[in-house]
Every structure is written in C-alpha cells, then in structure tokens.
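Reader: I would like to learn how to read salt bridges in a model. Please give the general idea, then the case.

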Amino acid sequence: QVQLVESGGGSAQAGGSLRLSCAVSGDTQSSRLMGWFRQAPGKEREGVAAIYSRGRDTFYADSVAGRFTITQDGAKNTVYLQMNGLKPEDTAVYYCAAGPAWTGRPLYSHEYNDWGQGTQVTVSP
C-alpha cells in the first residue's frame, strides 16, 4: 500500500507552465511504477506520463510528448510532472498513481493500484 498526495495544480494561460508534485509514502515496493493520469469532464481517463522508479525509463502520451516531463527525486518520495507549452485541451483533473511492478502498458490505468486525490489544472486560451 502506498499513499499519494498531489499538489501544484492551478490556472495557467496557453503557452504557460505548471509543475505538479506527488508526495509518496508507505510501501515503496508498491510504487515501482509511477504515473500521471488526467480526466476531463465527459472524457475517459487518459494516461499522461509514467516512470519506472529503478531504471528511470519514462513514457509519454503522444498528446503531451515534448511538452511534459516526468521525474522522480533520488529518495523516491516525490514524483513531478513538469508541464510546458500548456494548451486549453490540457485542462483536466490530474491524478498521481502507483503500481507494484513494471508493465508493458505503463499508460493504462488498470496497471495501477493506488491513486491520489487529484489536482485541478485549468488552461485558458
């Protein structure tokens, strides 16, 4: 079991930047895989980015590749999502998630067991 708390959400204008943080605590073996997901009203939950905590391999959705960067600190107690070049379509509630092992589907929500409460990101034109 792992506990996740997101922060850093807010409002930005198109072209601006935000950085989300996810504080991680609990069983570190339950958070070998970390991911960021988002869900906009009326839309399906979408995998945004993922990182494998041991090898630091990262994966991104095509919609955010080149604009967003996922990182994890050395102590593995914080995961970040740096969001640059924000677009109005990035508006959503963003969730941090943790999984117990690497998967071939790192942007698939069903691969994750623990979730944060979410943080709102709103991007205006």
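Reader: How many salt bridges does a search of the whole structure find?

Author: Side chains of opposite charge can pair when their charged atoms come close. A salt bridge here is a side-chain nitrogen of Lys or Arg within 4 Å of a carboxyl oxygen of Asp or Glu. By that rule, the search of the whole structure finds four. This is a predicted model, where local features need pLDDT of at least 70, side-chain atom pairs count only at pLDDT 80 or more, and totals for chains, interfaces and linings use all residues. Residues are numbered from 1 along each chain as its sequence is written, and side-chain values use heavy atoms, leaving out hydrogens and water.

Reader: Which residues are linked in a network of salt bridges?

Author: The network links Arg38, Glu46, Arg67 and Asp90. Asp90 pairs with Arg38, with the closest N and O atoms 2.9 Å apart. Asp90 lies in the loop between β8 (78-83) and β9 (92-99), and Arg38 in strand β4 (residues 33-39), 52 residues apart; strands are DSSP runs of E, at least two residues, numbered from the N terminus. Asp90 also forms a salt bridge with Arg67, at 2.8 Å from N to O. Arg67 sits in the loop between β6 (58-60) and β7 (68-72), 23 residues from Asp90.

Reader: Is Asp90 buried or exposed?

Author: Buried means under 20% relative accessible area, exposed over 50%, and partly exposed in between (1.4 Å probe, protein chains only). Asp90 is buried because its relative accessible area is 0%. Arg38 is buried at 6%, and Arg67 is buried as well.

Reader: What is the N to O distance between Arg105 and Glu111?

Author: Their side chains meet in a salt bridge at 2.5 Å. Arg105 is partly exposed at 49% relative accessibility, whereas Glu111, at 18%, counts as buried.

Conventions. Helix = DSSP H or I, 4+ residues; strand = E, 2+ residues; numbered from the N terminus.
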